[in-house]
Amino acid sequence: MTREELRLLRLYLGLTLRDIAKLMNCTKQTLSNIENGKSTNTMTLLFYKKTLLHLLYRNLGLNYDEYQNNKS
């Protein structure tokens with residue numbers, strides 16, 4: 001998933017950087033840097049991706065962790 005796709009997913013979910021930062025316990029600047037390609041911190045990028053996907057699945061009434069376990 002590209003940085004632009006992460007941003008679009010966040011917008012689709014109707015969330016601000018502040019909303020996600022609060023969930024991830026980080027600053028909105030950190031997330032902005034990820035979306036704009038200014039951060040190369042792979043772990044934060046992966047955590048951001050997992051957080052957004054978890055919220056998407058919850059929004060759709062699905063269980064993200066259950067889906068990931070059945071996928072393997």
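Trainee: Which residues does serine 39 touch, not counting residues up to four places away in sequence?

Mentor: Serine 39 touches Arg3, Asn33 and Ile34. Please keep in mind that this is a predicted model. Serine 39 is found in the loop between helix 3 and helix 4.

Trainee: Is serine 39 buried or exposed?

Mentor: Its relative accessibility is 16%, so serine 39 counts as buried, the cut-off being under 20%. In the chain, buried residues make up 31% of the 72 residues.

Trainee: Let me step back for the overall layout. How many helices and strands does the chain have?

Mentor: There are five helices and zero strands. Along the sequence, that reads as α-α-α-α-α.

Trainee: Now the inside. Which residues have the most contacts inside the largest nonpolar core?

Mentor: The general idea is that in soluble globular proteins, nonpolar side chains tend to be buried together. Here the largest nonpolar core has 14 residues, and those with the most contacts inside it are Leu9, Leu13, Ile20, Met24, Leu31, Tyr48 and Leu52. Helix 1 (3-12), helix 2 (17-24), helix 3 (28-35) and helix 4 (42-59) each supply at least two residues of this core. Helix 4 gives the largest share, five residues.

Trainee: Could we follow one of them? What does isoleucine 20 touch, not counting residues up to four places away in sequence?

Mentor: Isoleucine 20 touches Arg10, Leu15, Leu31, Tyr48, Leu52 and Leu55.

Trainee: How should I read a pair of helices, and at what angle do the axes of helix 2 and helix 4 cross?

Mentor: Two packed helices are described by the angle between their axes and the distance between the axes. The axes of helix 2 and helix 4 come within 11 Å and cross at roughly 105°. These two helices are therefore roughly perpendicular to each other. Leu17, Ile20, Leu23 and Met24 of helix 2 meet Thr44, Phe47, Tyr48, Thr51, Leu52 and Leu55 of helix 4. By class, this contact has eight nonpolar, two polar and no charged residues.

Trainee: And where helix 1 meets helix 3, which residues are involved?

Mentor: Begin with the geometry again: the axes of helix 1 and helix 3 come within 8 Å and cross at roughly 130°. That makes helix 1 oblique to helix 3. Arg3, Arg7 and Arg10 in helix 1 meet Asn33, Ile34 and Glu35 in helix 3. The residues of this contact divide into one nonpolar, one polar and four charged.

Trainee: Why do the buried residues of helix 3 line one face of the helix?

Mentor: An α-helix has 3.6 residues a turn, so residues three or four places apart point the same way. In helix 3, the buried residues are Leu31, Ser32, Ile34 and Glu35. Looking down the axis of helix 3, you find them within an arc of 160°, so they line one face of the helix. They pack against helix 1, helix 2 and helix 4.

Definitions and conventions:
Residues numbered from 1 in each chain as written. Predicted model: local features only at pLDDT ≥ 70, side-chain atom pairs only at ≥ 80, totals over all residues. Heavy atoms only, no water. Core = buried A, V, L, I, M, F, W, Y, C linked by side-chain atoms within 4.5 Å. Buried < 20%, exposed > 50% of the residue type's maximum accessible area, 1.4 Å probe, protein only. Helix = DSSP H or I, 4+ residues; strand = E, 2+ residues; numbered from the N terminus. Contact = heavy atoms within 4.5 Å. Axes fitted to C-alpha atoms, helices over the stretch in contact; angles between N-to-C directions. Parallel < 35°, antiparallel > 145°, perpendicular 65-115°, else oblique. Nonpolar A, V, L, I, M, F, W, Y, C, P; charged D, E, K, R; others polar. Arc of directions from axis to C-beta.
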